[in-house]
Amino acid sequence: MGATGQGELSWYRGGGLRACDRWISLCFDNCLTIEGIDLDIPHLRQLWRSALALPEPSGRQVWLHGDLKPSNLLVRQGKLHGVIDFGCLSVGFPDAEHAPLWDLPPRARQAYWNAMSLDDVVWLRARAWAIAVGVSGVSYYWGTYPLFVNECLSRLHAILEAAGER
């Protein structure tokens, strides 16, 4: 209700992609050093780099969960029942909130696209945020948090499989 993405309510996922490029580039570099990783890092990096050329988000800022992912969504009988873990609650542009779409099956992703009437630029920025979260998760948690790494790898593989869709 009138909050803006400043101070305590500001978080990087509510801003633009370019502000994260240095950090995400290091994550890509780290992923290239992981032995046995089955992931097309150069292709993901190319998708990330192409998103950096898109216009930055603009318009009205909104409240953001900030950490939407499968483990923060509660489902009952196949329907979303609740959302938990609001530790990253912030205000900003909603592009990163669409990143979990690549955790969904392709038909569900398409249904979401249609229902939300997302334009191509928002879609590509959302995909870039999904790449950023996935690559940083793999890079940081490779040897310590295998469940989250598997979640990130699954998302990144889905992005690669769907790369030609839009």
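H65 touches N72, V83, I84, D85, F86, C88, L89 and E97, leaving out residues up to four places away in sequence. The model is predicted. H65 sits in the loop between β1 (62-64) and β2 (73-76). Is H65 buried or exposed? Its relative accessibility is 6%, so H65 counts as buried. The cut-off for buried is under 20%.

L47 is 18 residues from H65 in sequence, yet 25 Å from H65 in space. G14 is 51 residues from H65 in sequence, and here the C-alpha distance is 9.8 Å.

G14 itself belongs to the segment before α1. At 5% relative accessibility, G14 is counted as buried. Beyond its neighbours within four places in sequence, G14 is in contact with L64, G92 and F93.

H98 lies in the loop between β4 (90-92) and α3 (106-116). With a relative accessibility of 7%, H98 counts as buried. Which residues does H98 touch, not counting those up to four places away in sequence? They are Y112, M116, L118, V122 and A126.

The largest nonpolar core has 42 residues, and W48, W102 and V138 touch the most other members. At least two residues of this core come from each of α1 (21-32), α2 (41-52), α4 (120-141) and α5 (146-161). The largest share, 10 residues, is supplied by α4. For V138, the contacts beyond four places in sequence are C31, I34, I37, V149, C152, L153 and L156.

Of its 22 residues, 17 are buried, so α4 is mostly covered. What span should α4 have at 1.5 Å a residue? The 22 residues of α4 should span 32 Å. The end C-alpha atoms of α4 are 31 Å apart, which agrees. At the start of α4, a side-chain oxygen of D119 comes to within 3.1 Å of the backbone nitrogen of V121.

Charged pairs follow. Side chains of opposite charge can pair when their charged atoms come close. How many salt bridges are there? The count is five.

One of them joins the side chains of R18 and E56, at 3.0 Å from N to O. R18 is in the segment before α1 and E56 is in the loop between α2 and β1, so the pair ties together parts that are 38 residues apart in sequence. R18 is partly exposed, at 42% relative accessible area. E56 is partly exposed too, at 32%.

Another salt bridge joins the side chains of R49 and D21, at 2.8 Å from N to O. This pair links distant parts of the chain, with R49 in helix α2 and D21 in helix α1, 28 residues apart. R49 is partly exposed, with a relative accessible area of 43%. D21 has 17% relative accessibility and so counts as buried.

D95 and R125 form a salt bridge as well, with their closest N and O atoms 2.4 Å apart. D95 is in the loop between β4 and α3, whereas R125 is in helix α4, and the pair links these distant parts of the chain across 30 residues. D95 and R125 are both buried.

Definitions and conventions
Residues are numbered from 1 along each chain as its sequence is written. This is a predicted model: local features need pLDDT of at least 70, side-chain atom pairs count only at pLDDT 80 or more; totals for chains, interfaces and linings use all residues. Side-chain values use heavy atoms; hydrogens and water are left out. Helices (H or I, at least four residues) and strands (E, at least two) are DSSP runs, numbered from the N terminus. Buried means under 20% relative accessible area, exposed over 50%, partly exposed in between (1.4 Å probe, protein chains only). Contact means heavy atoms within 4.5 Å. A nonpolar core is a set of buried Ala, Val, Leu, Ile, Met, Phe, Trp, Tyr and Cys residues joined through side-chain atoms within 4.5 Å. The expected span of a helix is 1.5 Å times one less than its number of residues. A polar contact is a pair of N or O atoms within 3.5 Å; within protein, one must be able to donate a hydrogen and the other to accept it, and residues adjacent in sequence count only if both atoms are side-chain atoms. A salt bridge is a side-chain nitrogen of Lys or Arg within 4 Å of a carboxyl oxygen of Asp or Glu.
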